[in-house]
Amino acid sequence: MKFKIVLVWALLLTFVVNAQNPDAKKYGSQITADQLKEYLSIIASDALEGRETGTRGQKMAAAFIAAHFQELGFKAPVNGSYYQPVELYSSMTGEAYLKVGQTRLDNFSGIIYSGTADSGGEVSLPVVFAGYGSEAEFNQVDVKDKAVVLLAKEMRMRGNPVVKMAQDKGAKLILLCAHETLAEFDNIAGQFKNFMSGGRISLTKPQPGNAAVTMVVSNVTVEKIFNTTLAKLKDATAADAKKTPLKKFKGANVQYKVTTEVKTIYSDNVLGYLEGTDKKDELVVITAHYDHIGKMKGGTGDLINNGADDDGSGTVSVLAIAKAFAQAKKEGKGPRRSILFMTVTGEEKGLLGSEYYSEHPVFPLTSTVVDLNIDMVGRRDPQHKDGTYVYVIGSDKLSADLHELSERVNKENLNIAFDYTYNDQNHPDRLYYRSDHWNFAKKNIPIVFYFDGIHEDYHKPSDEVSKIEFDLIEKRAQTVFFTAWEIANRDNRLKVDEEKKIKD
Ligand SMILES: [Zn+2]
């Protein structure tokens with residue numbers, strides 16, 4: 001009996017030792033907390049000013065990453081460069097004013113406008129009053145090709161049903177009055193001014209059109225337009241709709257002008273390429289985004305959003321994993337498939353760098369086997385007070401083969417807790433669609449997204465290096481390394497399940 005137990009143990013031990021690949025273990029263990037800390041202290045330092053896309057701080061991060069790839073002896077895969085240029089466009093409201101009589105109201109003082117239309121010069125329009133914008137009220141007045149004033153219950157300019165109704169009825173200028181006092185209006189206008197300074201960023205060059213324009217205006221402006229009081233306008237909205245009381249408020253013409261400023265932002269994805277051996281035409285991609293949200297546009301105290309976790313932690317993981325693979329190759333243990341280490345730009349602006357890559361791939365997408373995406377792996381969330389865990393998202397969405405491999409490799413190595421809470425595509429936080437792997441998944445390339453959860457310092461200046469748990473990054477980055485090692489070295493390419501593919 002005793003003998004039998006010993007035999008079983010011996011067999012189990014043999015199994016475990018065999019399952020672990022000694023080479024993978026050797027090079028994976030070269031990824032260390034100290035090394036990750038050294039890299040992150042640079043990537044997330046105040047000097048890099050929060051790495052906002054297109055800024056000098058982001059370009060400093062890019063230079064650091066490219067130099068790292070060069071030191072590792074990686075090929076520069078973009079026509080001899082580590083940089084894949086990504087041109088982005090920022091569109092911001094340019095000039096915007098409203099004239100009522102002799103008074104000109106500029107943006108954030110008298111009006112609030114955040115659109116990106118172009119009126120094609122100053123436009124003069126007759127103005128009508130449509131109360132709270134109910135169907136009955138719109139039936140009393142003709143707003144087509146006019147300016148319309150609405151007493152709004154909410155000041156949203158986009159997605160507001162009364163704005164939609166006014167647009168559908170053909171209004172050219174929609175003036176929303178949502179505040180009872182000028183002080184209230186001015187307060188909101190000040191907040192908007194701060195918030196709006198960033199502009200909207202896109203991959204395609206915007207063509208500002210002469211669409212209907214929506215502005216928020218103060219109660220004082222509305223009173224001036226109709227030469228009456230807000231109270232009287234409100235009274236009229238409460239009166240019998242059949243008697244068309246709204247018609248008696250006729251304003252003089254108003255004039256307005258809006259323009260849009262389009263600027264080009266020059267940024268780059270940074271790519272390092274490690275060529276494989278007998279299966280070098282197939283490619284494993286490991287990604288993280290090196291951009292973050294930059295500095296706060298106003299306020300006092302610490303204004304730099306360091307993005308130590310988001311996604312400094314993923315970026316330094318990619319650098320460390322790259323170094324471990326480079327060392328393996330130097331010692332004749334390089335991967336059979338090629339590996340592309342890619343830190344992307346513009347993630348915080350809408351996954352733009354990875355979208356650009358997926359539309360302008362440097363290596364054929366048909367030969368791209370997997371994307372392992374690391375976005376936030378340096379912290380723990382309130383749901384995990386202790387222990388080593390990581391949220392694993394998307395591993396089963398396109399390939400049962402990948403999911404099985406990912407689970408098995410983890411069990412054979414560090415056996416950290418894989419939490420699949422966010423793996424549900426219908427989870428309200430929709431994380432499967434919220435980082436760069438999605439641009440690979442939508443091209444039917446299997447992905448795994450590694451993530452640590454939402455914490456209190458998310459997108460705040462307090463996302464600092466001092467709050468990072470480097471032991472956690474080490475374990476998580478090693479797990480990604482072991483997974484990549486297995487995918488890059490196994491005999492068969494990962495199988496994509498036909499029935500799971502996304503059809504256009
Ligand atoms: Zn992120």
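Q: A residue is buried if 20 or more other C-beta atoms lie within 10 Å of its own. So is R51 buried or exposed?
A: R51 has 30 other C-beta atoms within 10 Å, so it is buried. Bear in mind that this is a predicted model.

Q: Where does R51 lie?
A: R51 is in the loop between helix 3 and helix 4. Its phi is near 50 degrees, which is positive, and R51 is not a glycine.

Q: Why point that out?
A: Most residues other than glycine have a negative phi.

Q: OK, on to helix 3. How does it cross helix 10?
A: The axes of helix 3 (residues 33-43) and helix 10 (residues 308-330) come within 9 Å. They cross at roughly 130 degrees. The two helices are therefore oblique to each other. The crossing is right-handed.

Q: Which residues meet there, between helix 3 and helix 10?
A: From helix 3, they are Q35, L36, Y39, L40 and I43. From helix 10, they are A308, G312, S313, T315, V316, L319 and A320.

Q: Which peptide bond is cis?
A: The one from D310 to D311, with omega near -10 degrees. D311 lies in helix 10. Most peptide bonds are trans.

Q: Which strand pairs with strand 12 over five bridges?
A: Strand 10, residues 279-289, in the parallel sense. In that pairing, V285 has D371 of strand 12 as its bridge partner.

Q: And over four bridges?
A: Strand 15, residues 447-451, also pairs with strand 12 in the parallel sense. There, N373 has F449 of strand 15 as its bridge partner.

Q: Where is F363 found?
A: In the loop between helix 11 and strand 12. F363 is partly exposed, because it has 17 C-beta neighbours inside 10 Å.

Q: What does F363 touch?
A: L283, L340 and T368, leaving out residues up to four places away in sequence.

Q: How far apart are F363 and N415?
A: 33 Å in space, C-alpha to C-alpha, and 52 residues in sequence.

Q: Now helix 14. Is it mostly covered or open?
A: Mostly covered. Of its 20 residues, 17 are buried.

Q: How does the span of helix 14 compare with what it should be?
A: They agree. At 1.5 Å a residue, helix 14 (residues 470-489) should span 28 Å, and its end C-alpha atoms are 28 Å apart.

Q: Last one, the whole protein. How many helices and strands?
A: There are 14 helices and 15 strands. The C-alpha atoms fill a box of roughly 100 × 50 × 45 Å along the principal axes. Of the 504 residues, 46% are buried.

Q: What share of the contacts joins residues 24 or more positions apart?
A: 83%, counted among contacts with a separation of 6 or more.

Notes
Residues are numbered from 1 along each chain as its sequence is written. This is a predicted model: local features need pLDDT of at least 70, side-chain atom pairs count only at pLDDT 80 or more; totals for chains, interfaces and linings use all residues. Two strands pair if DSSP finds at least two bridges between them. The expected span of a helix is 1.5 Å times one less than its number of residues. A residue is buried if 20 or more other C-beta atoms lie within 10 Å of its own, exposed if 12 or fewer, and partly exposed in between; C-beta atoms are placed from the backbone. Two residues are in contact if their C-beta atoms, placed from the backbone, lie within 7 Å. Axes are lines fitted to C-alpha atoms, for helices over the stretch in contact, and angles run from 0 to 180 degrees between N-to-C directions. Angles under 35 degrees count as roughly parallel, over 145 as roughly antiparallel, 65 to 115 as roughly perpendicular and the rest as oblique. A crossing is left-handed if the near helix is turned anticlockwise from the far one by less than a right angle, and right-handed if clockwise.
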